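I wanted the overall build first, then the details.

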Amino acid sequence: MIPFPTGNTVKITLVGAGAIGSLWAGALARQGHAIHLWRRQTDTAFTLQWQGLDAPDTDTFTFCCNQPERLTSSDVILITVKAFQVLESIKSIAPWLRTATPVIVMHNGMGTENEVLQLLPDNPVLYATTSQAALRVDRQSVRHTGVGPTFLGAVNRAGEQWQSLAGVLNTALAPCQWHEDIHAPQWQKLAVNCAINPLTAILQCRNGELAAPDFTAELTGICREVAAVMTAAGYPTRSETLLQRTLTVIQATAANYSSMQQDVANQRPTEIDAITGFLIEQAHHFQLATPANFALWQQIKHLEQNYG
């Protein structure tokens with residue numbers, strides 16, 4: 001294992017500065033790490049107002065942006081864009097990326113891994129899944145709105161040497177821990193996202209509204225289908241377990257808006273293909289029917305096609 005001694009400054013290039021990217025950028029900067037942003041915008045600097053959970057005060061950080069030499073000298077790359085932006089993001093940094101540099105990919109949903117490994121055949125590649133919640137107040141302000149576990153794990157042999165990166169993330173936003181099979185927590189997160197994200201986006205409501213008895217039957221049907229696909233994929237679970245976990249998340253994040261709700265509200269592309277779409281693809285592979293999830297996928301695609 002390659003160590004990152006506690007207390008040492010780590011040079012991190014963070015690709016993407018949306019809600020979750022900004023949350024991690026500020027949290028890592030508060031620990032004294034050297035954060036460099038790689039963004040679609042061409043600015044060479046970005047000032048972020050960062051507000052912690054239940055904290056009245058904000059921290060202000062100014063980050064350097066889009067500096068190829070900073071990217072090349074980075075100790076680690078953290079990619080926090082949406083699933084459908086991952087491949088283009090990697091292509092944008094590839095000319096300056098050293099093959100020894102570990103790359104962490106963090107997004108909602110699943111399904112990008114094989115193509116990422118093709119683009120980065122020699123880099124240590126890790127995936128992270130997080131239940132930390134953040135809200136973009138405006139373009140330069142982010143607020144931490146909920147605590148949840150983050151899991152980090154390798155998806156190639158070179159990545160297995162970088163377990164110490166879980167400690168770096170944990171000191172910034174606890175809890176974060178290493179997982180020997182990152183697909184297990186990815187599936188667990190996907191199950192909850194399949195239930196909460198499309199429904200809140202369609203209804204344009206906060207997560208907590210799904211706790212109403214009116215939604216029990218629909219949530220049960222979604223979880224039943226997800227449990228069947230997960231079990232076929234080698235991650236056996238019961239629909240009752242998934243339903244209870246989903247209801248727990250709904251209660252714990254009752255005041256929050258899901259990322260998909262925010263995307264639809266702002267007429268942005270959603271991650272439906274990496275969440276429900278991935279589930280449906282896996283279901284087809286195992287010859288399983290997912291009518292409840294397919295109906296939600298169709299509704300979100302219809303909303304996207306009718307923006308504006």
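My entries follow, from the whole chain down to single residues.

**Overall build.** I am working with a predicted model. I looked up the secondary structure and found 11 helices and 11 strands. Next I checked the radius of gyration. The value is 19 Å, close to the 19 Å of the globule rule for 308 residues, so the chain is as compact as a globular protein of that length. I also noted the box around the C-alpha atoms, which is roughly 50 × 45 × 35 Å along the principal axes.

I looked up burial across the 308 residues, and 51% count as buried. Residues 24 or more positions apart account for 69% of them.

**Surface and charge.** The chain exposes about 14,000 Å². Carbon and sulfur atoms supply 50% of that area. I listed 19 positive and 24 negative charges, and their mean positions are 4 Å apart.

**Cysteines.** How many disulfides does a search of the whole structure find? I got 0. I wanted the reason, and I looked at two cysteines. A disulfide needs sulfur atoms within 2.5 Å. For Cys205, the closest cysteine sulfur is in Cys223, at 16 Å, so it is too far for a bond. For Cys223, the closest cysteine sulfur is in Cys194, at 8.9 Å, which is also too far for a bond. Cys205 is buried, at 4% relative accessible area, and Cys223 is buried, at 1%.

**The loop between H10 and H11.** This loop joins helix H10 (276-285) to helix H11 (291-305), and I found Thr290 in it. Is Thr290 buried or exposed? Its relative accessibility is 8%, so it counts as buried. I set aside its neighbours within four places in sequence and looked up its contacts. They are Glu225, Val229, Ile280 and Ala283. Gln287 lies in this loop too. At 75% relative accessibility, Gln287 counts as exposed.

I kept the background in mind: most residues other than glycine have a negative phi, and most peptide bonds are trans. Gln287 has a positive phi, near 55 degrees. Gln267 also has a positive phi, near 55 degrees. I placed Gln267 in the loop between helix H9 (259-265) and H10. Gln267 is partly exposed, with a relative accessible area of 46%. Last, I looked at the peptide bond from Ala174 to Pro175. That bond is cis, with omega near 0 degrees. Pro175 sits in the loop between helix H5 (165-172) and strand E11 (176-178).

Terms used:
Residues are numbered from 1 along each chain as its sequence is written. This is a predicted model: local features need pLDDT of at least 70, side-chain atom pairs count only at pLDDT 80 or more; totals for chains, interfaces and linings use all residues. Side-chain values use heavy atoms; hydrogens and water are left out. Helices (H or I, at least four residues) and strands (E, at least two) are DSSP runs, numbered from the N terminus. The radius of gyration is taken over C-alpha atoms; the globule rule is 2.2 Å times the number of residues to the power 0.38. Buried means under 20% relative accessible area, exposed over 50%, partly exposed in between (1.4 Å probe, protein chains only). Contact means heavy atoms within 4.5 Å. Accessible areas come from the Shrake-Rupley method with a 1.4 Å probe; for residues, only the protein chains shown count as cover. Lys and Arg count as positive and Asp and Glu as negative; His and the chain ends are not counted. The place of a charge is taken as NZ of Lys, CZ of Arg, CG of Asp or CD of Glu.
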